[in-house]
Amino acid sequence: MSQALLVIDVQNDFCPGGALAVADGDAVVPAVNAMMDRFETVLYTQDWHPADHLSFADNHPGAAPFSTTDMPYGPQVLWPAHCVQGTGGAAFHPDLRLNGDLILRKGFRAGIDSYSAFHENDRTTPTGLAGYLRERGITELTLAGLATDFCVAWSALDAVQCGFRASVALDACRAIDLDGSLDAALARLRDAGVTLA
Ligand code: VGL
Ligand code: ZN
């Protein structure tokens, strides 16, 4: 059994002052940094959207940020433009320790969002992470980062679905909490057998 730490989207746009700031989002940085030494393998995700990404409210004339639209693959929240490829907002928080093994970019196809590190939001397009972990002999993941109720939760649920054991380090996560999304996500995580630590 081998364990890895999966650090989700600790990027400037999700921290105070960023385009899609999560309240207290930068508080995860020291918490995540302190966890790294306990893991032989550390992996990161980086939300990485083209400017014409269809998860951005700006790309749906008349749509308000934080409203929901129907995409071919199902409902999709429309976000303020964030984590645009190559911008400072898409960069990792400057204090995040970046000494890990892999940076997995996601959400780079204009027509499809990707909250999860494993599958895009159509629930079928794989990112390749499951295969990477299996080839590395990793069976157990601890997740931390931003945001608890979106990218962390979707990644943890998919991890279990893909046959990995998953634990979410809640102290090292912060939530967007849109219309009760945090409570809903925590309930789904518990039901799926994700450990909440
Ligand atoms: C995220 C909304 C849009 C996240 C990413 O990292 O949780 N949330 N893109
Ligand atoms: Zn995004």
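**View 1. The shell around ligand 1.** In this predicted model, ligand 1 sits among Asp 9, Phe 14, Asp 47, Trp 79, Leu 146, Ala 147, Phe 150 and Cys 151; a residue makes the list if its C-beta atom, placed from the backbone, lies within 6 Å of the molecule. Sort that shell by class and you get six nonpolar, no polar and two charged residues. (Nonpolar covers Ala, Val, Leu, Ile, Met, Phe, Trp, Tyr, Cys and Pro; charged covers Asp, Glu, Lys and Arg; the others, Gly among them, are polar.)

**View 2. A cis peptide bond.** Going from Leu 146 to Ala 147, the peptide bond is cis, with omega near -10°. Both residues also belong to the shell of ligand 1.

**View 3. A positive phi at Cys 83.** Cys 83 isn't a glycine, yet its phi is positive, at about 50°.

**Reading the labels.** Residues count from 1 along each chain as its sequence is written, while chains are lettered from A and ligands numbered from 1 in the order in which they are written. Since this is a predicted model, local features need pLDDT of at least 70 and side-chain atom pairs count only at pLDDT 80 or more, but totals for chains, interfaces and linings use all residues.
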